[in-house]
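The following explanation is intended to be read alongside the sequence and the coordinates. Please keep both in view while following the text.

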Amino acid sequence: MLDNLSKYVYEVYRCKSVSAAAKKLYLSQPALSTAIKKAEDELGAAIFNRKTIPFTLTAEGKIYIETIEKILEIRISAESLAKIITG
């Protein structure tokens, strides 16, 4: 399962916009921006290139998103396996 910061980063990536992601997540734009900044501080690098519209990923951001997608793939596989086992 992803933590909230990872979920928030992933939604901004999917929406290519903090404002659009904030609406989908039912958060204010400033609250989401603060969460993204916290995720970047924890990572020690910027995830998004904010100089581009729509946002693009930095090199570190690409790795971060790829990792989230791997986690999601593993979760889906585990859930499918659990359904098979439990019938």
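A residue is called buried when its relative accessible area is under 20%, exposed when that area is over 50%, and partly exposed in between, with a 1.4 Å probe and protein chains only. The model is predicted: local features need pLDDT of at least 70, side-chain atom pairs count only at pLDDT 80 or more, and totals for chains, interfaces and linings use all residues. Residues are numbered from 1 along each chain as its sequence is written, and side-chain values use heavy atoms, with hydrogens and water left out.

The protein contains four helices and two strands, arranged from the N terminus in the order α-α-α-β-β-α. These elements are DSSP runs numbered from the N terminus, helices being H or I of at least four residues and strands E of at least two. The C-alpha trace spans about 50 × 30 × 20 Å along its principal axes. Of the 87 residues, 30% are buried. Where contact means heavy atoms within 4.5 Å, residues 24 or more positions apart account for 43% of the contacts with a separation of 6 or more.

An α-helix has 3.6 residues a turn, so residues three or four places apart point the same way.

Helix α2 (residues 18-25) and helix α3 (residues 29-43) meet at an angle of about 105°, and their axes are 9 Å apart. The two helices are therefore roughly perpendicular, a class that takes in angles of 65 to 115 degrees, whereas those under 35 count as roughly parallel, those over 145 as roughly antiparallel and the rest as oblique. Axes here are lines fitted to C-alpha atoms, for helices over the stretch in contact, and angles run from 0 to 180 degrees between N-to-C directions. On the α2 side the contact is made by Val-18, Ser-19, Ala-21, Ala-22 and Leu-25, and on the α3 side by Gln-29, Leu-32 and Ser-33.

At the start of α2, a side-chain oxygen of Ser-17 comes within 3.2 Å of the backbone nitrogen of Ser-19. Just after α2, Tyr-26 likewise takes a positive phi, of about 60°, and is exposed with a relative accessible area of 77%.

Two further residues show burial in other helices. Ser-6, in helix α1, is buried at 11% relative accessibility. Neighbours within four places in sequence aside, Ser-6 is in contact with Tyr-64 and Ile-68. In helix α3, Glu-40 is buried with a relative accessible area of 6%. With the same exclusion, Glu-40 is in contact with Ala-45, Ala-46, Ile-47, Phe-48 and Arg-50.

Pro-54 lies in the loop between β1 (48-49) and β2 (56-57), and the peptide bond from Ile-53 to Pro-54 is cis, with omega near -5°. Ala-78 belongs to helix α4 (residues 59-86) and is partly exposed, at 43%.

Key
Polar contact = N/O pair within 3.5 Å; in protein donor to acceptor, adjacent residues only side chain to side chain.
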